Amino acid sequence: MKALLSGNEAVARGAWEGGCRVACAYPGTPSTEILENIAKYNEIYSEWSTNEKVAFDVASGACFAGARVLVAMKHVGLNVAADPFFSMSYLGVTGGFIVVSADDPGMWSSQNEQDNRWYAKMAKVPMLEPSDSQEAKEFVKVGFDISEKFDTPVLLRLTTRICHSKTVVELADRVEYPPAGYVPNIQKRMVLPGTSNAMMRHPIVERRLLELKKYSEKFNSNRIEYGNRSLGIITSGIAYQYAKEVFHKASFLKLSMTYPIPDNLIKKFASQVDKLYVIEEGDPFLETHIKALGIAVIGKEKVPVCGELDQSVLKENFGLEVVPLKKKKITAGGITKIPARPPVLCPGCPHRGVFYTINRLKLYAIGDIGCYTLGTLPPLNAMDSYVCMGASIGNVHGLDVALRNKILGKVVAVIGDSTFFHAGIPALIDVVYNKGVSTIIVLDNLTTAMTGHQNHPGTGLTFKGEKTKEILIEDVGKACGVNRVYIVDPYDLKATMEVIKREVKFSEPSLIIARRACALMVKSESPLKVNLDKCTGCKLCVGLGCPAITMHDKKAWIDPMLCNGCGMCKQVCVKKAIT
């Protein structure tokens with residue numbers, strides 16, 4: 001039977017067919033749908049873990065028991081999980097272990113576009129790169145076999161277009177691989193520093209790499225496709241599809257196992273074509289290796305290292321004719337032109353009240369990863385930086401200790417609820433332990449909003465919606481030693497202003513939890529209206545940055561289709577013109 005599946009759906013199917021028993025992840029575009037689809041298979045235990053490292057650790061434990069396991073994350077998530085990833089390379093596996101890294105070339109939903117193929121080389125683990133959904137499914141199963149045969153985790157590297165594009169997939173039945181059970185193995189799993197156990201594992205890893213290299217030479221998905229031999233192209237992943245479309249008459253070496261790289265196969269192919277190019281998305285990963293073999297090849301001289309590839313990018317960079325796509329004229333509702341719309345917080349977003357307050361108090365806000373990064377944009381202009389998941393609390397503590405009284409009362413950390421559980425708690429402990437004075441605001445909208453409303457420990461529901469113990473952020477804060485813990489409703493601008501204004505002045509840590517459910521999860525109230533007789537056009541309401549409010553004929557106007565009746569604009573209107 002065949003089905004049309006996205007790469008993420010195919011990975012989930014491959015996990016099921018391949019006998020996977022445990023799958024863990026932290027949501028992050030473009031990988032989120034992998035676990036959401038795995039959850040449909042009751043044979044696989046699945047969970048949203050609090051972060052990628054925890055997910056990796058849970059999967060590792062299940063692997064110790066002999067279960068086939070999969071852990072999925074976006075590319076920056078592997079930075080979080082890098083510590084156990086490298087260690088598991090040394091420890092090896094008991095059940096098959098697939099690590100999915102979904103890279104994001106073009107940074108559509110990420111803070112960088114790192115190429116995680118380097119992780120395979122650094123950690124010395126084999127890597128598979130599918131070029132369509134069929135391969136995404138099959139490589140999970142092949143990866144389990146490789147993992148168990150060579151005693152190693154396997155990195156399955158996807159990119160955004162593989163994750164989200166759909167191609168036809170041939171389905172198969174599930175094959176069961178019951179866990180063998182846990183058997184203690186101190187020599188293998190107890191790699192204490194400075195002991196023979198630890199030291200003996202490194203030579204094992206190196207010998208494994210040599211064996212994997214032989215395997216890569218014969219791996220049947222590393223294949224030569226002969227065409228016109230005047231032009232040879234070495235490629236992998238989604239770049240293979242683009243290159244095939246642009247240079248359909250050329251000869252190709254399609255690499256699917258891209259670490260270890262099959263040197264002899266590359267040398268054979270290079271000797272059989274006149275001119276050789278490497279077309280790969282991201283860094284010159286293959287190109288660097290091939291040049292080190294002494295093979296003349298053209299790569300990043302023609303193929304850009306920045307941004308996402310597609311056929312038009314290749315054509316443009318190779319001097320080929322680019323046929324522009326015909327753009328359809330938009331006529332819906334009689335509107336022929338739609339103005340550009342900058343990204344904004346949703347109408348009724350509870351974060352708006354906090355950012356509006358921070359703006360009015362002229363505070364520096366050190367932020368974190370989540371949809372609340374949109375508080376950076378005008379007119380709120382209320383966030384100064386964000387680095388990575390959980391960085392805000394450590395960042396603001398660093399500012400505090402560096403500048404002491406010069407910055408006291410002027411800076412806050414802003415972090416979302418899911419991000420707080422992900423990586424914020426250790427930093428909060430650090431602030432308390434080191435006698436910090438930081439004011440930390442948790443924007444608690446009771447979900448993981450940015451990636452699609454996934455549950456987390458604070459929602460009281462598991463991944464599958466079952467009731468569980470609700471972990472309250474205020475309890476965590478108190479347990480971490482914070483004495484000043486307060487909960488505010490960010491829709492109540494006056495109360496929010498009073499609490500933040502008061503707490504930033506204290507010379508001890510404060511934890512302010514701005515709690516109100518994500519506006520997309522609750523039923524909207526009746527839309528508000530502007531009394532045009534009272535409106536003076538002062539634009540105070542526009543300063544909230546709510547997309548429902550615009551100016552018409554120098555008067556404020558609220559779009560009833562967008563307004564959810566949160567009432568924040570009503571609070572800032574000094575003329576009482578909004579009802």
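This is a predicted model: local features need pLDDT of at least 70, side-chain atom pairs count only at pLDDT 80 or more; totals for chains, interfaces and linings use all residues.
**View 1. Seven strands make an open sheet.** Here the order is S3-S2-S4-S5-S7-S6-S12, with mixed pairing. Strands (E, at least two residues) and helices (H or I, at least four residues) are DSSP runs, numbered from the N terminus. Two strands pair if DSSP finds at least two bridges between them. At the edges lie S3 (45-48) and S12 (257-259), each pairing on one side only. As a reminder, strands of a sheet pair through backbone hydrogen bonds, either parallel or antiparallel.

**View 2. Strand S4 (69-74) is paired with S2 and S5.** With S2, the pairing is parallel and has four bridges; with S5, it is also parallel, over six bridges. Met73 has Ser101 of S5 as its bridge partner. Further along the sheet, six bridges join S5 (residues 97-103) to the parallel strand S7 (residues 154-159), and there Val99 is partnered with Leu155.

**View 3. The residues of S4 point two ways.** Val69, Val71 and Met73 face one way, Leu70, Ala72 and Lys74 face the other, and all are buried. Buried means under 20% relative accessible area, exposed means over 50%, and partly exposed is in between (1.4 Å probe, protein chains only). Because six of its six residues are buried, S4 is largely enclosed by the rest of the structure. Helix H3 (residues 52-64) lies across S2, S3, S4 and S5, and runs at about 170 degrees to S4. Such angles run from 0 to 180 degrees between N-to-C directions, and axes are lines fitted to C-alpha atoms, for helices over the stretch in contact.

**View 4. Helices H1 and H7 cross.** The axes of H1 (residues 7-17) and H7 (residues 133-150) come within 7 Å and cross at roughly 35 degrees. Among the residues that meet are Ala10 and Val11 from H1, and Ala136 and Val140 from H7. Contact means heavy atoms within 4.5 Å.

**View 5. Ile358 sits in the largest nonpolar core.** That core has 63 residues, and Phe355, Ile358 and Ile441 have the most contacts inside it. A nonpolar core is a set of buried Ala, Val, Leu, Ile, Met, Phe, Trp, Tyr and Cys residues joined through side-chain atoms within 4.5 Å. Not counting residues up to four places away in sequence, Ile358 touches Leu363, Ala365, Ala382, Val412, Val414 and Ile441. A second, separate core of 56 residues includes Ile98, Phe139, Phe252 and Phe318.

**View 6. His397 is found in helix H16 (residues 391-403).** With 8% relative accessibility, His397 counts as buried. Leaving aside neighbours within four places in sequence, His397 is in contact with Asp430, Val431, Asn434, Gly436 and Ser438.

**View 7. Trp557 belongs to strand S21 (residues 555-558).** Is Trp557 buried or partly exposed? Its relative accessibility is 39%, so Trp557 counts as partly exposed. Not counting residues up to four places away in sequence, Trp557 touches Val530, Ala548, Ile549, Thr550 and His552.

How values were computed: Residues are numbered from 1 along each chain as its sequence is written. Side-chain values use heavy atoms; hydrogens and water are left out.
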